Amino acid sequence: MFDADNHMYETTDAFTKYLPESHAGLVKYVQINGRTKIALKNTISEYIPNPTFNKVAPPGAQELEFRLKNPSSKTRPGDKEIAPPPKYIESPPAFFNPADRLELMNELSIDRALMWPTLASLLEERLADDPEATHVVVHALNRWMHEHWTFNYEDRIFPTPVITLPVVDEAIRELEWVLERGARAILIRPAPVPDLGGRRRSFALPEYDRFWKIVEDAGVVVGLHASDDGFVRYLNEWEGRTSEYLPFKSKPSAFSAVVSSEYRTIKDVIVSIIAHGLATRFPDLRFVPVENGSAWARPMIANLKKVYERSPDIFPEDPLVALRRSIYIHPFHEEDVLGLVEAIGADRVIFGSDYPHPEGLFDPVTFVDELDSLPKEDQAKIMGGNLAQIMGVDPAKGALP
């Protein structure tokens with residue numbers, strides 16, 4: 001069991017403890033009507049309802065809801081009489097530190113896990129107009145993460161430092177800093193990158209090649225974990241709004257729900273990696289889109305195949321060859337996992353539970369139930385073998401006591 005999608009909850013000093021004096025006040029926690037909110041550059045965000053994480057929704061609180069909405073799920077109404085979970089719980093220490101988390105992983109039968117930050121997913125979009133501040137606060141976060149979690153805790157928990165890309169030289173400096181401290185995976189926001197001139201562009205363009213050369217040489221996994229990708233700007237244009245992205249808004253508009261269901265940003269990111277030639281220029285890079293689902297994968301594959309058949313000369317190589325070499329996909333538990341395996345092969349699918357988030361799995365090991373029709377060796381690849389291989393971990397060496 002190598003879980004590609006576990007989460008830490010950041011403490012309230014995660015962004016501020018190591019902020020330099022020159023940027024004091026960039027991130028604040030403020031009280032609004034008796035509730036604590038986070039503010040960046042004096043703008044209050046509602047992105048995460050409780051950014052202190054002292055009380056959170058229980059792990060897997062929405063699991064049954066998601067399963068019942070999926071026609072390919074094996075769960076059916078009435079299969080189980082399950083009491084509704086509480087609306088919130090007091091966060092246990094295991095959500096905030098690696099020692100307690102390791103004990104919890106033992107209880108859950110998780111051998112190893114990538115450990116992603118949670119609140120950090122709001123940073124880059126809300127600081128998009130200030131690349132210098134983005135680099136400063138990301139470095140402060142990484143210093144905190146290394147101090148509290150390390151980047152490799154007992155070869156079982158692998159926290160993922162953030163690398164932000166607006167200024168390439170600064171991105172290289174940050175990358176070298178985390179590599180020197182043992183990082184085995186990094187988090188790159190799957191979205192166009194804002195730059196000093198106010199434009200946005202893909203990180204797959206050749207201007208970033210100096211950065212990617214170091215990543216490839218180091219052999220670290222490139223995690224493309226879902227974040228605020230800025231796609232709300234597009235939705236706002238259609239709906240006449242100016243609001244920030246609110247992932248926990250209970251009822252999105254019909255337009256927003258339909259357009260967002262296509263997972264267009266992550267699909268565009270993967271197509272850019274392939275069609276802009278990044279995967280070809282650096283064939284040893286390994287990209288892992290995490291918590292982005294997989295519903296986009298098969299339509300994307302069909303489009304890549306169609307366009308390549310019509311115009312092969314515009315591609316640096318066969319896009320399906322690049323896809324199957326360089327991309328490992330993490331499906332949501334409620335999706336058609338077997339269909340994804342059929343499309344890209346069992347050796348390019350990885351398991352992730354999103355623990356302890358409410359939309360994830362309450363009992364991560366139950367993901368294997370979605371794979372019971374596959375050969376045992378394919379189940380083993382998906383449940384940990386594939387990720388262990390690209391992380392350079394020997395799965396034959398048992399991690400659990």
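This is a predicted model: local features need pLDDT of at least 70, side-chain atom pairs count only at pLDDT 80 or more; totals for chains, interfaces and linings use all residues.
In it, three parallel-paired strands make an open sheet, ordered β1-β7-β8. At the edges sit β1 (2-7) and β8 (157-159), each pairing on one side only. Neighbouring strands are turned by 25° against each other on average, direction ignored.

**How the strands join**

Here are the two pairings at a glance.

| Strand pair | Bridges | Direction |
|---|---|---|
| β1 and β7 (residues 112-116) | Four | parallel |
| β7 and β8 | Three | parallel |

Why is β7 described as largely enclosed by the rest of the structure? Five of its five residues are buried, so the rest of the structure largely encloses this strand. Buried here means under 20% relative accessible area. In a regular strand, side chains alternate between the two faces of the sheet. In β7, Arg 112, Leu 114 and Trp 116 point one way, while Ala 113 and Met 115 point the other way, and all are buried.

**Helices on the sheet**

Helix α2 (residues 98-108) lies across β1, β7 and β8 and runs at about 130° to β8. Helix α14 (residues 376-391) also packs on the sheet, touching β1, β7 and β8. The direction of α14 makes about 85° with that of β1.

Notes: Residues are numbered from 1 along each chain as its sequence is written. Side-chain values use heavy atoms; hydrogens and water are left out. Two strands pair if DSSP finds at least two bridges between them. Helices (H or I, at least four residues) and strands (E, at least two) are DSSP runs, numbered from the N terminus. Axes are lines fitted to C-alpha atoms, for helices over the stretch in contact, and angles run from 0 to 180 degrees between N-to-C directions. Contact means heavy atoms within 4.5 Å. Buried means under 20% relative accessible area, exposed over 50%, partly exposed in between (1.4 Å probe, protein chains only).
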